[in-house]
Amino acid sequence: MYLHEFQAKGLLRSYGIPVPDGGVASTASDALRVAKELQGDKWVIKAQVHAGGRGKAGGVKIVDKYSSVYDTSTEMLGMKIITKQTGEEGKTVRRILVEEATDIRHEIYLSFMVDRDSEQHVMIASAEGGTEIEELAETNPEAIISEKLSAVVPMGNYQGRKIAKMLGLEGKLINRFAAVAAKLHQVFIEQDCMLLEINPLVIDGKQNVICLDAKVSVDDNALFRHSKVEEMKDYGEMDPQEVRASIYDLSYVSMDGNIGCMVNGAGLAMATMDIIKFYGGEPANFLDVGGGADENKVREAFKIILTDPQVKVILVNIFGGIVRCDLIAKGVLKAAEEVPGDRHLVVRLDGTNVEEGKALINEHAKSSGLSVHAADTMADAAELAVKLANQAEDKEQG
Ligand code: ADP
Ligand code: MG
């Protein structure tokens, strides 16, 4: 789960990490009120969308008059930010962060990530802050420093000092940098982060080390122990289908093909997508309905799959281990009542009471006259689904 910059900065602030003073606003008059409460005579207005590269896309503006705070906020709210990370459709700005402008002398790149190969954390730093790290990796890879860190104990002062010196910092900046880096690593560990990126971390005119930007992603699997972070979830930033799926505890990822998949278990869902590909088809999604595939969940899963207009065939592949196949078949058929008649349904069940389950599907196919098919094996199911999808495409193209 990604946090907005203002949320991430709030989190850092609660650990005593220096970030500029500021506040979030959703209207221009709110923004003006925030600016008036802040010290100084220069403010930065920043679009709060889940994407980096906002600066270049017009999502970060420095202003020095109250009237400009108001005008710039009016312009920015509702505008679409388009960056490499948002795709062509861009992201609409619903909130802005108004903060004090910092007197920047030097911009540094600093981030923490999980390094799966070494089962450790890794800190990445560069004296060339402000530039995106992907760009830097291409144009000037020697400028990137990395340091392996423990995944359980916050980094030692010696590690921070070493990196500070490699970054060319001198005097009291060495210890200041090390202190901020250690606290950031503490946040990374305690909040179960996947990514914590400060770009830029800046040195100001008074030799303070300040986090000017903050990109934080927290491991979804750990959210149960971070209720405060979970409350920050912004559904407006997520794919609407994926939001719906998460409400019903379904894990759904949309894709480009025309065969919708409804499967129980992530492993089986992956295998289903593989076998569709093997027979020359393209899956429209990954969808795991989880262990207890009850009628309600199955119905929601159908609805979510069918919101994708590309879907011609739905392939249901369910292993009845805990739930019996005849019950699953009943649930699937009930839920399938809402599936439009021009779509095909291929059902492969296995497990307890599989014969009873298949018999129910076959009976239904006969009595309803709909294109519902019970397949014997996964291979049969995939082959049939691909065949039906191809036929449907041919028919559409006349
Ligand atoms: P993004 O990475 O999405 O482009 P940043 O928050 O990094 O957004 O802002 C882009 C640039 O704007 C920064 O590199 C910095 O130069 C400038 N900037 C951002 N916040 C402030 C601030 N509070 N004071 C002064 N300059 C800022
Ligand atoms: Mg940035």
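In this predicted model, the second largest pocket lies between domain 1 (1-20 + 103-236) and domain 2 (21-101), because both domains give residues to its lining. The volume of this second largest pocket is about 890 Å³. Its lining is made up of 39 residues, and R54, G55, N199, P200 and D213 are the closest to the centre. Sorted by class, the lining of the second largest pocket comprises 16 nonpolar, 10 polar and 13 charged residues. At least two lining residues come from each of β2 (43-47), β3 (60-63), β6 (96-100), β7 (104-115), α4 (133-139) and β10. Of these contributors, β10 gives the most, with four residues.

The magnesium ion (ligand 2) is coordinated by N199 through O and by D213 through OD, at 2.2 Å. These two residues link distant parts of the chain, being 14 residues apart: N199 belongs to strand β10 (residues 193-204), whereas D213 is placed in the loop between β11 (209-211) and β12 (215-218). N199 and D213 are both buried. Most peptide bonds are trans, and most residues other than glycine have a negative phi. Between N199 and P200, however, the peptide bond is cis, with omega about 15°. Like N199, P200 has its place in strand β10.

The chain as a whole is divided into three parts: besides domain 1 (1-20 + 103-236) and domain 2 (21-101), there is domain 3 (240-397). The C-alpha centres of domain 2 and domain 3 are 45 Å apart.

The largest pocket holds about 1,100 Å³ of space. It is lined by 30 residues, and those nearest its centre are D220, K233, M238, D239 and E242. The elements that supply two or more residues to this lining are β5 (91-92), α8 (240-247) and β13 (251-254). In terms of class, the lining of the largest pocket consists of nine nonpolar, 10 polar and 11 charged residues. The phi of D249 is near 65°, a positive value in a residue other than glycine. D249 has a relative accessible area of 62% and is therefore exposed, the limit for this class being over 50%.

The structure holds one cavity of 30 Å³ or more, and the largest cavity has a volume of about 70 Å³. Its lining is formed by A336, V339, P340, G341, R343, H344, L345, H364, L370, S371 and V372. By class, these divide into six nonpolar, four polar and one charged. H344, one of the residues lining the cavity, is the bridge partner of V313 in β17. That bridge joins strand β17 to strand β16 (residues 313-320), and the two strands pair in the parallel sense over eight bridges. Strand β17 (residues 344-351) is mostly covered, with six of its eight residues buried. In the loop between β17 and α12 (354-368) stands N353, a residue other than glycine with a positive phi, near 60°. N353 has a relative accessibility of 26% and so counts as partly exposed.

Helix α1 (residues 5-14) is mostly covered, since seven of its 10 residues are buried. The buried residues of α1 are E5, F6, Q7, A8, K9, L11 and L12. After α1 comes G16, whose phi is positive, near 80°. Helix α5 (residues 157-166) contains I163. With a relative accessible area of 1%, I163 is under the 20% limit and is therefore buried. I163 and M123 are 40 residues apart along the chain, and 9.4 Å separates their C-alpha atoms.

Key:
Residues numbered from 1 in each chain as written. Chains lettered and ligands numbered in written order. Predicted model: local features only at pLDDT ≥ 70, side-chain atom pairs only at ≥ 80, totals over all residues. Heavy atoms only, no water. Domains from an automatic or database assignment. Donors = N, O, S within 2.8 Å, 3.2 Å for Na, K, Ca; no water. Buried < 20%, exposed > 50% of the residue type's maximum accessible area, 1.4 Å probe, protein only. 1 Å grid on protein atoms, 1.4 Å probe; cavity = no way out; pocket = protein on both sides within 12 Å on 5 of 7 lines; lining within 4 Å. Points joined across faces, edges and corners; volume = space filled by probe spheres on them. Nonpolar A, V, L, I, M, F, W, Y, C, P; charged D, E, K, R; others polar. Pairing = 2+ DSSP bridges.
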